[in-house]
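User: I would like to learn how to read a protein model, one feature at a time. Could you take me through this one slowly?

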Amino acid sequence: MASFDLVVPETAEEAIAALQTLAPGEAAPIAGGTNLLFDLEEGRIAPRRIISLRRLPWRTLDWNGGALTIGSTLPLRSLEDDPEVRRRHPGLYEAVRNVGGVALRHRATLGGNLVRSSPASDLTPMLLALDAEVDLVGPQGDRRVPLDRFLQSSRRTDLRPGELVRSVRLPEARPSAFLLQRVRPANDISQVVVAVAFASSERSWRIAVGGVPPRPTLLPEAAASLGSGRPDPAAVRRAGASAASHSALAADRRASEEYRRRVVGHLVERAVAMVSGGEGFPA
Amino acid sequence: MTAGQLRLTVNGTAVELADVPAPERLLDTLRWRMKLKGTKEGCRTGDCGACTVLVDGRTCLSCLTLAHEVDGTSVTTIEVGPEDALVGRVRAAFEAAGALQCGYCTPGFVMAIAGLLRERGTGAPREELLEGLGGNLCRCTGYTAIVRAVDALRTETP
C-alpha cells in the first residue's frame, strides 16, 4: 500500500486549506475511515496526504423546531442511540442500525457515507425520502445542496475540490419506515432497500429505493399514487406496482432485475402500511 | 499538525510510540509493535470482527482504524488483566460455555460482547445483545455456544 502523511487540522479553514495544497485525488479527508481504509487496502485510491477531521466540532446533533441537523463526523452509533431520533425519525433509526456491525458504527459517519455515494448505501434512500439537504463548506464559502442533487453515481458527488460535508439537514420529522432485503440479515450489503416517509407539512408521500446501481432514487409517481393522506388498500397496491415497474431497478452481481422488481413491490406495500398505521401518522 | 508521536493507554499502561507511520493500522500497532498478538487479523476489510478492540470503552474495528486517529485514547485488548472485571467475566463465560472451536474469532467476540455489555448493561434485551454480535463471524459456525455464553452473562448480576 502506498504511503501518505496525516495532517490533523484544528479548524475547518485549516482543513479546506490542507485539501487544496495538493491536486484533487492526492489529498483525501478522513472521518471514521471505514470506507477510506477499505479503499486504500484494495488499492483503489492512493492519496499522498490524508486530512483528519477528528478535531473539527462536527460531531453534533441539533434540533431546531422540527428540523434536525446531523454533524457529518458524528458516529452512526451516536445517531442510532439518540432517543429523539428514534422517536421522530423511526425510518432513519432503522436504516442506521442496519449499517455494518456495532463496532463499525462506532466509527463510521454520515458524512463519509454520503461522500462515498455507494449505490448500496442503506442510508441515502431514507435520507432522500426525508428531503435531506447537504451543508458544505469550501474555499468559495458555504452552500446547501439537496441530497438528490449531491448524489450522482457510485463514488461521484457534487462535492467540488476543497469542499467538505459539514452536516446534513432534515427539514422536518416525518412518519417513516425502512425495509431491506439481504442474503444475511446482519452485516451484509442489501440487495434492495425501500424507504417511505409522509411529509406531514405538505401532506404528500415519498418513496425511495436503493441498493441498486447506479444510485438511490426517489419514485415520485409511486408516491403520488398514495394521495395526500392515509391510502386505501387499492392505492397501496398501486404504489407497490408502480415502484416495481420503475426503470430504476437494474441488475448487478447481487440480484437480478426481476428479483428486485418482485421484492420492491412487497417492501413498498409493507413500508407504506407501517407508516400509515403508525402512531405518528397525522389524522 | 502532522502526525508525530503516538500516545495511547493500552490495557491500563500509558505508552508513547515514536515513528509510527501515518498509514499504520491500530491492529498492526498492537500486534507487531506491541506484540499483543491476541487481537486477530481476519479479513482486514471490516467484514469479520476478529480485530475488535475497545477504544475508550467502545468497540472498534482495529483493522479499519489508523493508529494516529485514536491518539490519546485508552485501548483495551483481549490481554487486559484483572483491572477490567467485565472483560474478565466475558472470558470466564466463554470458558465455562466452551464457546470456541478453532478460537481465531474468540478475542473479537469477547471484546464485542464486553463492549455491548458496557454500553447496554447486562439487563439489555437478549435480542439486542445478539443482534449486536452481527459484525463478528465464526467460520467454524460455532455460534450456539457463543449464544450460551451471552445468556450466562445476562443472568449474572453485574
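User: Which residue in β10(A) is the bridge partner of V137(A)?

Analyst: Strands of a sheet pair through backbone hydrogen bonds, either parallel or antiparallel. Here, the bridge partner of V137(A) in β10(A) is L164(A), and in the same way L136(A) has V165(A) as its partner in β10(A). Strands (E, at least two residues) and helices (H or I, at least four) are DSSP runs numbered from the N terminus, and two strands pair if DSSP finds at least two bridges between them. Please keep in mind that this is a predicted model, in which local features need pLDDT of at least 70 and side-chain atom pairs count only at pLDDT 80 or more, whereas totals for chains, interfaces and linings use all residues. Residues are numbered from 1 along each chain as its sequence is written, while chains are lettered from A and ligands numbered from 1 in the order in which they are written.

User: How many bridges join β6 of chain A to β10(A), and how many join β5 to β10(A)?

Analyst: Strand β6 (residues 133–137) is joined to β10(A) by 5 bridges, and the two run antiparallel. Strand β5 (residues 67–71) is also antiparallel to β10(A), with 4 bridges between them, and here L68(A) has L170(A) as its bridge partner.

User: What is the order of the strands in the open sheet of chain A?

Analyst: The order is β4-β5-β10-β6-β7, which makes an open sheet of 5 strands with antiparallel pairing. At the edges stand β4 (61–64) and β7 (143–146), each with a single partner strand, so one side of each has no neighbour in the sheet. From one strand to the next the twist averages 25 degrees, where axes are lines fitted to C-alpha atoms (for helices, over the stretch in contact) and angles run from 0 to 180 degrees between N-to-C directions.

User: Why is strand β10 of chain A said to be largely enclosed by the rest of the structure?

Analyst: A residue is called buried if 20 or more other C-beta atoms, placed from the backbone, lie within 10 Å of its own, exposed if 12 or fewer do, and partly exposed in between. Of the 7 residues of β10 (residues 164–170), 6 are buried, so the strand is largely enclosed by the rest of the structure.

User: Does G111(A) count as buried or exposed, and what is it in contact with?

Analyst: G111(A), which has its place in helix α7 (residues 110–116) of chain A, counts as buried because it has 24 C-beta neighbours inside 10 Å. Two residues are in contact if their C-beta atoms lie within 7 Å, and, leaving aside neighbours within four places in sequence, G111(A) is in contact with A31(A), S72(A), T73(A) and V165(A). G111(A) and W58(A) are 53 residues apart in sequence, while their C-alpha atoms are 10.0 Å apart in space.

User: Which residues touch the most other members of the largest nonpolar core?

Analyst: A nonpolar core is a set of buried Ala, Val, Leu, Ile, Met, Phe, Trp, Tyr and Cys residues joined through C-beta atoms within 7 Å. In the largest one, with 131 residues, they are A195(A), V196(A), I207(A), V268(A) and I113(B), and the largest share of this core, 8 residues, comes from α3(B). Among the contacts of A195(A) beyond four places in sequence are G91(A), F178(A) and A208(A).

User: How many residues of chain B are in contact with chain A?

Analyst: There are 27 residues of chain B in contact with 26 residues of chain A. On the side of chain B that touches chain A, the elements giving two or more residues are β4 (58–61) and α3 (106–120) of chain B, and β4(B) gives the largest share, 4 residues.

User: Finally, how many helices and strands has chain A, and how many has chain B?

Analyst: Chain A has 12 helices and 14 strands, and chain B has 5 helices and 5 strands. Buried residues make up 52% of the 283 residues in chain A, and 45% of the 158 residues of chain B. The C-alpha trace of chain A spans about 60 × 45 × 35 Å along its principal axes, whereas that of chain B fills a box of roughly 45 × 30 × 25 Å.
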